[in-house]
Amino acid sequence: MNVSTVVDDLASNQGGVVARHQLLDSGIAPSTLRRSIERGALEVVCRGVFRLPGSPRSEEQRLWAAHLRVGSESVVAHGSAARLWGLKSIEQCRPTLVVPHRLSPRVGSGMIVHRTRRLDEPDIGDVNGLPVTQPARTLVDLSAETGKARLTAALEEAHYNKLVGYLEVGRTLLRLGEPGRRGAVLLGELLDARTSGRNLEQSVLERLLSELFEAAGITEVIRQNPLQSHGGVDGLVDAFLPRGAVIAEGDGRRWHSRCADMVKDRQRDLAAAEVGIQTVRFMHEQLTSDLAGCAAQLRNTVELRASQGLGMNATGNRLGR
């Protein structure tokens with residue numbers, strides 16, 4: 001079996017590089033592979049990754065080599081992902097990848113590998129087959145390690161080049177947000193400065209919620225209902241929907257306020273979940289830009305829970321099926 005032919009076939013879709021295990025899986029004997037390396041028919045890029053001598057070098061090839069070296073669950077991230085998506089405001093850096101927290105790959109100084117507890121399916125895309133964090137996730141990751149000026153430039157470049165909008169970046173920030181997450185407040189402030197920049201008046205938010213319930217065909221709505229819990233967390237919720245025991249909350253806060261209130265919001269959501277109530281939150285940007293989509297999400301959630309007999313009245317008693 002001709003090694004060069006196998007390498008060509010495999011590397012053509014991988015930036016011109018191939019991993020040792022791929023060659024072995026293709027039937028190349030270890031001894032044949034070793035001789036190919038010794039006589040210069042294969043060039044070692046990094047441990048376990050090879051290229052054909054004379055093949056063109058590129059940034060994408062470096063990232064493919066790093067991905068193959070780290071493993072199939074690795075994803076190009078941070079500055080490398082920004083460059084791959086074409087964000088010229090971010091400087092070129094060592095190949096940077098992210099892996100699930102349970103992995104601890106050992107790599108040399110030629111690349112950077114971050115471990116994360118959150119790498120959701122919506123966060124992963126691809127560029128020419130190479131796994132890479134989506135633009136919104138990339139910007140959230142960069143906020144923890146990039147200065148204000150450069151992060152501002154990257155955020156605006158992504159928005160005006162229609163790579164990802166401010167709303168999607170904000171939604172990703174909230175989904176990934178953790179107490180004290182580095183860069184969250186800065187990114188929230190930058191988003192505020194480029195969107196409404198102020199909290200939405202309560203009357204406007206109530207009108208948007210009314211339009212939401214009407215679009216979803218939900219007629220039984222209890223407004224400003226006390227938060228049901230086992231104690232320790234109290235307050236009022238925007239709307240309680242008895243049919244499926246669902247709380248619908250509208251969020252008219254500025255982005256940085258949302259980030260600062262993440263802990264409190266999650267405490268409220270958890271308190272409700274402990275008594276069998278699901279909370280669904282809608283940002284005012286979602287309600288004004290995609291009311292039909294929000295209505296469909298709410299309607300589906302309520303109907304699914306109702307079909308499972310999870311309805312509940314305002315005092316916490318179960319409804320009949």
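A: Residues are numbered from 1 along each chain as its sequence is written, and side-chain values use heavy atoms, without hydrogens or water.

To find the pair, look for α7 at residues 148-160 and α9 at residues 184-194 (helices, H or I, have at least four residues and strands, E, at least two, as DSSP runs numbered from the N terminus). Their axes lie 11 Å apart and the helices pack at an angle of about 50° (axes are lines fitted to C-alpha atoms, for helices over the stretch in contact, with angles from 0 to 180 degrees between N-to-C directions). That angle makes α7 oblique to α9 (under 35 degrees is roughly parallel, over 145 roughly antiparallel, 65 to 115 roughly perpendicular, the rest oblique).

Now for the side chains. From α7, Lys148, Leu151, Thr152, Leu155 and Glu156 meet Leu186, Leu187, Leu190, Leu191 and Arg194 of α9 (contact means heavy atoms within 4.5 Å). Of the residues in this contact, six are nonpolar, one is polar and three are charged.

Elsewhere, you can find an open sheet of four strands in the order β9-β10-β11-β12, with mixed pairing (two strands pair if DSSP finds at least two bridges between them). Its edge strands, β9 (222-226) and β12 (278-283), each pair on one side only. Neighbouring strands here are turned against each other by 40° on average, direction ignored. Inside the sheet, β10 (residues 236-241) and β11 (residues 246-251) run antiparallel and are joined by three bridges; Ala239 has Ala248 in β11 as its bridge partner. Helix α12 (residues 262-274) packs on this sheet, touching β10, β11 and β12, and its direction makes about 145° with that of β12.

How confident is the prediction? The protein chain has an average pLDDT of 89, and 95% of the residues score at least 70 (pLDDT is the predictor's confidence in each residue, from 0 to 100). Confidence is lowest in helix α11 (residues 255-260), with a mean of 72, and highest in strand β4 (residues 75-76), at 98.

Notes
This is a predicted model: local features need pLDDT of at least 70, side-chain atom pairs count only at pLDDT 80 or more; totals for chains, interfaces and linings use all residues. Ala, Val, Leu, Ile, Met, Phe, Trp, Tyr, Cys and Pro count as nonpolar, Asp, Glu, Lys and Arg as charged, and the others, Gly among them, as polar.
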